[in-house]
Amino acid sequence: MTNLSIFDIAGPIMVGPSSSHTAGACKIGQFARALFHHTPKKVTFYLHGSFAEVYKGHATDLALLAGVMKFQTSDPRIKESFKIARENHLEFKFITTDLGEKYHPNTVKIVLEKGKNKMSVIGSSVGGGMIEIVKIDEFEVYLQGSAGKHLSLVVCHQKNPKVLKDLEGKINKLGIKIVESVESAFRDERLSVLSLEGRRITVEEVMELEKNTPGIDFIRSLSKLQKS
Amino acid sequence: MNIYEFHTAEDIIHLCRKHKLSIGEIAKRYEAERSGKSMPAVRNKMKQTRDVMYEAVKKGIHSTQKSKMGMVGGDAYKIYKALGNTADMMGNKVTVRAMAYAVAVGEQNACMGRIVAFPTAGGAGVVPGVLFSSAEHFKAGKRKLLNGMFCASAVGLIIAEGATLSAAKGGCQAEVGAGVAMAAAGLTEMRGGTPEQCFHSSAMALKSYLGLACDPLGGLVEVPCIKRNALGCMVAIGASDLSIAGVKSFIPFDEVVLAMKNIAKIMSPKLRETALGGLAVTKTGNMIKRKLGMKITPMDL
């Protein structure tokens, strides 16, 4: 078992009302946005199971949309995410559906679109702000995230284990600690989620790492990064 | 294995004795060691956590805003106002104020305010309620309050590893129950209790919550969650008092945690955050379900 952080208990700092239906939903939105390379123009959320049943009372809709706009789970603006999306000309729609028995009760399929680019991501909120991404387009994946982990990177890289080792070494050299790394097969490559602790990594550093690490397809941050 | 690593109450009591430190101090060192951060950095992070909690309390006790479904809102304000005349109250000022703070956090959460899920959103009121209210009473320094918070977190961590902190897995005992056990230990440490006394208070508190169903109306974190947090403060303060008076838990804390895990395993899913049993399927519960457009569940009697 991985050693829990004291701040997994004394946290996460979040906007209510529910860690699974609000904070977790926001996190799934962040993952969808990170995996989609572009700033989406249109997003459709297909709500399944308990998400479909109680999303209004738990503000799951507001939180999902906020996540797609890269808001953190503790951002008080989650409350106004509809208004902010409209201001930014982001079209959004919520549809209740049944994705099938095999999905966790708290599951959403997010379809992001920009021009010809389109991607669908299926994610489940499994409790306490922990989430799993289980499908990207038609590919089954298994990525884990947590509402409390603000500093996470999604990395798409070649199968060769040396690639990720190389990247992790470079991140460590920046004085940033990698506390967790989970990997999943994706097409003929690999997707990894790296949870960082310590200082916030900057936009420039991420771009530099993406450009200068051989075998890396892309590196995306879940929440908005600051410039150095 | 790290020097300050712990998984059970027995581990941490052993570390406390070995290093002559309190539970809170061990927890702080554990976090610094596992994250690679300095002690001041860890302390600073807890300060930020405290500030968010304090902000939620302060907003909550002055707010009369109702939640979306109108089930909760404005009670923290009422309780806080009643503090002006404690002669009318049976509980003392610390307890009543703790209840006001706990309700404040719950109401803020229900109204989409920012809170700390300490340990979860559903049980987030007890720790700030008990620790903040007692700190005001002791006129405790900031360090003391932070140590209480670290101590409470350590107890939560032991419950998370040994059983669960998710009501979907273990019912309300895992959320409000855990919060009460954590607050009891935190308060006992702030009062100068020994690590053993901290865990006796936690064990007594947690024992009182074993088996508690998670049966919220409409599945929302509102009724009965918020008032359970308020009354949980009384139990935490009571358990701490018992322990300081020299009362010991006959069953050690680690065994109580295992009992909790056992109960979680045999508890019906209908009582685990699904709104399919208990209060959620009462006449009032079903009325709320209807309002939310959910399927009505007949009560199985």
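Chain A has an open sheet of 4 strands in the order E9-E10-E8-E11, with antiparallel pairing; helices (H or I, at least four residues) and strands (E, at least two) are DSSP runs, numbered from the N terminus, and two strands pair if DSSP finds at least two bridges between them. This is a predicted model, in which local features need pLDDT of at least 70 and side-chain atom pairs count only at pLDDT 80 or more, while totals for chains, interfaces and linings use all residues. Residues are numbered from 1 along each chain as its sequence is written, with chains lettered from A and ligands numbered from 1 in the order in which they are written.

The edges of the four-stranded sheet are E9 and E11 (216-221) of chain A, each of which pairs on one side only. From one strand to the next, the twist averages 20°, with axes taken as lines fitted to C-alpha atoms (for helices, over the stretch in contact) and angles running from 0 to 180 degrees between N-to-C directions. E9(A) and E10(A) (residues 189-197) run antiparallel and are joined by 9 bridges. Two of the facing pairs sit side by side in the numbering: A:Ser184 is opposite A:Leu191, and A:Ala185 has A:Arg190 as its bridge partner. The hairpin these strands make has 2 residues between them, and A:Arg187 takes a positive phi there, near 50°.

Chain A also holds an open sheet of 6 strands, this one with mixed pairing and the order E3-E2-E4-E5-E6-E7. Its edge strands are E3 (91-97) and E7 (139-146), each pairing on one side only. Neighbouring strands here are turned by 20° against each other on average, direction ignored. Within the sheet, E5(A) (residues 117-127) and E6(A) (residues 130-136) run antiparallel through 6 bridges, and A:Gly123 stands opposite A:Ile133 of E6(A).

Helix H2(A) lies across E4 (106-114), E5, E6 and E7 of chain A, at about 150° to E5(A). Here, two residues are in contact if their C-beta atoms, placed from the backbone, lie within 7 Å. H2(A) covers residues 19-35, and at 1.5 Å a residue its 17 residues should span 24 Å; the end C-alpha atoms are 23 Å apart, which agrees. The expected span is 1.5 Å times one less than the number of residues. There is still a bend of about 25° at A:Ala25, the bend being the angle between axes fitted to the seven residues ending there and the seven starting there.

Over in chain B, helix H9(B) (residues 176-190) should span 21 Å for its 15 residues at 1.5 Å each, and the end C-alpha atoms are 21 Å apart, which agrees. All told, 15 of the 15 residues of H9(B) are buried, so the helix is largely enclosed by the rest of the structure. Just after H9(B), B:Gly192 takes a positive phi of about 90°.

The contact between the chains takes 33 residues from chain A and 44 residues from chain B. On the chain A side, H1 (6-9), E1 (13-15), H3 (50-54) and E9 (177-186) each supply at least two residues. Pairing also crosses the boundary: 3 bridges join E1(A) to E1(B) (residues 114-116), which run antiparallel, with A:Val15 opposite B:Arg114.

Methods. A residue is buried if 20 or more other C-beta atoms lie within 10 Å of its own, exposed if 12 or fewer, and partly exposed in between; C-beta atoms are placed from the backbone.
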